[in-house]
Amino acid sequence: MPISVIDSAIFKDMFGTAAMRAVFDDAATLRRYVETEVALARVQGRLGIIPAAAAEAIAARADAGKLDIELLKAETEIVGYPILPLVHQVAKMCGPEGEYLHWGATTQDIMDTATVLQIREALGLIEADLDALDGILDGLAERYRDTPMAGRTHLQHALPVTFGYKAAVWLLMVRRHRERLAQLKPRVLIGQFGGAAGTLASLGDGGLPVHEALMQELGLRAAPVTWHVARDGLAEAVQFLGLVTSTLGKVALDIMLMMTNELGEAFEPFVKNRGASSTMPQKRNPISCELMWSASKTVRQHAGLALDAMVQDFERATGPWHLEWSVIPESFILTAGALRQARFMLGGLEVDTVRMRRNLDLTGGLIVAEAVMMGLAPYLGRQTAHDVVYDACRSAYTSGATLASVLKQDPKVSAHLDAAAIERLCDPAGYLGAAPEMVDRMRAST
């Protein structure tokens, strides 16, 4: 077993995606560090904080691809952070002008801003996946708008619903996640530049102008005060991922249960040998669902760690910051992997409408006992009608007869409802309530 499934040569594309790993891998992280340092030099050159020629030289010569990774690793293990070792190497690349690199900045400024740049890119990938998933679920809701199936509460038959209604409930969550994503960006995509204790004291009157110009250069928002120890924005990003993966976990659980032999109502796309067993040739295991469910559990734990990382001491923390170094990339990678599995699974979902109808009829009309109760209520009163239908349900259940046949033999029922009315009330397809209309409302929402 590898140290982590998201880095494993075997498992990494089951639990993550290459695109999301590329946002957070070492090479990308170092590029973001250098990008931030170069942007800082550029704006300081324009503002006259450092010589313009030095800024030009830094922009021209700083190259993350030329870093000596082994040396960087060794020095980082000594220093505890990678920025001082990185500045040593980049400054050397830039020649004498490298003396003006990292002017007025502190390690956390560079690392936090690089992280925010990575999060911006990562959220773009998440947004694209959510948009695609929205389209898939919208299509399922439309296609199965009127397809009746058993609705279940407490794992028991409750009332009829439609499969389109179920898909619309999933779609509701995805659309709210898309809304949340748009709302959180202004709070999360905020760069960091505050100097040693956040006051920009080393730059004097030039501190705030450099701060504003740096954020404009990087396309990030500027906070009114340094957020070295105000980690709620980053924590919110991880909570968002926890919400997304929990939704995917709920969808996965539904499909896993529907794939059981006892239900057999929906199945992951068939790919030869996918979900196969080494000893049981008949098996078709819910692989994508299992991966989505696993991601939901893991990211939920990371969301808790992100909240823990918010509790920091004074103006610069002694440890909680380090939690984010693993929590943020791992959460994004696992979420991307779960979304990929969801797109594959739902995009090719096999739906057995015949089996849905068979399961709907499994209890011989008991699933629409409420319809009969409400049909009798105007004649007997709601509570009396409830008791009459309850007794009929118990009789049908113990005898194996259909609810309709038992009701027809009950004089308290037949005195008010003829056989045709009883049959009509006992037809599950006729008791879907507003489910189809709710599908239409959901699909029309944005």
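This is a short tour of the structure, stop by stop.

The model is predicted. Residue numbers start from 1 along the chain as its sequence is written.

**Stop 1: the two domains**

Select residues 5-357 and colour them as domain 1. Then select 363-432, which make up domain 2. The centres of domain 1 and domain 2, taken over C-alpha atoms, are 53 Å apart. Now show the residues in contact. Domain 1 gives 10 residues to the contact, and domain 2 gives nine residues.

**Stop 2: the area between them**

The size of an interface is often given as the accessible area lost when the parts come together. Between domain 1 and domain 2, about 720 Å² is buried. Carbon and sulfur atoms give 71% of that area. Next, select Leu 159, Pro 160 and Arg 357 in domain 1. These residues lose the most area to domain 2. Together they account for 62% of what the domain 1 side buries.

**Stop 3**

One residue pair is in polar contact between the domains, counting pairs with both residues at pLDDT 80 or more.

**Stop 4: the strands that face domain 2**

Which strands of domain 1 each supply at least two residues of the side that touches domain 2? Select β1 (148-153) and β2 (156-162) to see them. β2 provides the largest share of that side, six residues. What is the make-up of the domain 1 side that touches domain 2? Its residues divide into six nonpolar, three polar and one charged.

**Stop 5: an aromatic pair**

The model has seven aromatic pairs. For one of them, select Tyr 81 and Trp 325. Their rings are edge-to-face, at 6.0 Å centre to centre and with 75° between the planes. Tyr 81 sits in the loop between α5 (69-79) and α6 (83-93), while Trp 325 belongs to helix α12 (residues 320-347), so the pair ties together parts 244 residues apart in sequence.

**Stop 6: a salt bridge within a helix**

There are 26 salt bridges in the structure. To see another, select Arg 32 and Glu 35. Their closest N and O atoms are 2.8 Å apart. Both residues belong to helix α3 (residues 26-46). They are about one helical turn from each other, because they are three residues apart in that helix.

Notes. Predicted model: local features only at pLDDT ≥ 70, side-chain atom pairs only at ≥ 80, totals over all residues. Heavy atoms only, no water. Domains from an automatic or database assignment. Contact = heavy atoms within 4.5 Å. Buried area = accessible area lost by both parts, 1.4 Å probe. Polar contact = N/O pair within 3.5 Å; in protein donor to acceptor, adjacent residues only side chain to side chain. Helix = DSSP H or I, 4+ residues; strand = E, 2+ residues; numbered from the N terminus. Nonpolar A, V, L, I, M, F, W, Y, C, P; charged D, E, K, R; others polar. Phe/Tyr/Trp six-rings, centres within 6.5 Å; stacked < 30°, edge-to-face > 60°. Salt bridge = Lys/Arg side-chain N within 4 Å of Asp/Glu carboxyl O.
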